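The entries follow in the order in which I checked things.

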Amino acid sequence: MMYTIYEHINKQLLGHNRDQQGLMIYNQFRQVLCKDVLFASTMEESNNNTFKLVFREETYTYKMYKNKIIRDTDNGMKDTFNLSFVRMKIEETITEENKRKKALFLTTRVLGEEITLFEEKNDTNANYINNLYLNGY
């Protein structure tokens, strides 16, 4: 009987540790993404599973796979987050004040539940015009 109780408690502790580790990875990813979006000058969607954050002197590329998200920098450093990726979407909107905004919706699965991260980046009209002309030629 004591062994049965020990085994039951041990399984509960292992499950709790696994859940806590998943939450820790999610929170680390959320903090890194939030900081990157805040300091980036622009946000670009490459395809359904990849987007780029462009800084003044470098670019960070986020690649989403089924069970991991990779943050790749120009200088060769990579960060891997063991998160289940569900879907990603970047929407561009124009506010009433004629300001352009890009919103990132990134859905992951944590503890069996889908959680959508939302990050928004203001885009200046100057950046929009520069990208329009530079990408057009």
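This is a predicted model: local features need pLDDT of at least 70, side-chain atom pairs count only at pLDDT 80 or more; totals for chains, interfaces and linings use all residues.

Entry 1, fold. I counted 2 helices and 8 strands in the chain; helices (H or I, at least four residues) and strands (E, at least two) are DSSP runs, numbered from the N terminus. Along the sequence I read the pattern α-β-β-β-β-β-β-β-β-α. The radius of gyration is 20 Å, well over the 14 Å that the globule rule gives for 137 residues, so the chain is more spread out than a compact globule. That radius is taken over C-alpha atoms, and the globule rule is 2.2 Å times the number of residues to the power 0.38.

Residues are numbered from 1 along each chain as its sequence is written, and side-chain values use heavy atoms, with hydrogens and water left out.

I took the box along the principal axes, and the C-alpha atoms fill roughly 75 × 35 × 20 Å. Of the 137 residues, 31% are buried (under 20% relative accessible area; exposed is over 50%, partly exposed in between; 1.4 Å probe, protein chains only). The chain exposes about 9700 Å², and carbon and sulfur atoms supply 50% of that area. Accessible areas come from the Shrake-Rupley method with a 1.4 Å probe; for residues, only the protein chains shown count as cover.

Entry 4, strand S2. I found S2 (residues 50–54) mostly covered, with 4 of its 5 residues buried. S2 runs antiparallel to S1 (residues 42–47), and 5 bridges join them. I noted that two strands pair if DSSP finds at least two bridges between them. A hairpin of 2 residues links S1 to S2, and Met43 stands opposite Leu53 in S2. On to S3 (residues 59–64): 5 bridges join S2 to this strand, again antiparallel. Here the hairpin has 4 residues between the strands, and Lys52 has Thr61 in S3 as its bridge partner.

Is Asp72 buried or exposed? I looked it up in strand S4 (residues 69–73); Asp72 counts as buried because its relative accessibility is 16%. Which residues does Asp72 touch, leaving aside neighbours within four places in sequence? Its contacts (heavy atoms within 4.5 Å) are Thr59, Tyr60, Thr61, Lys63, Met77 and Lys78.
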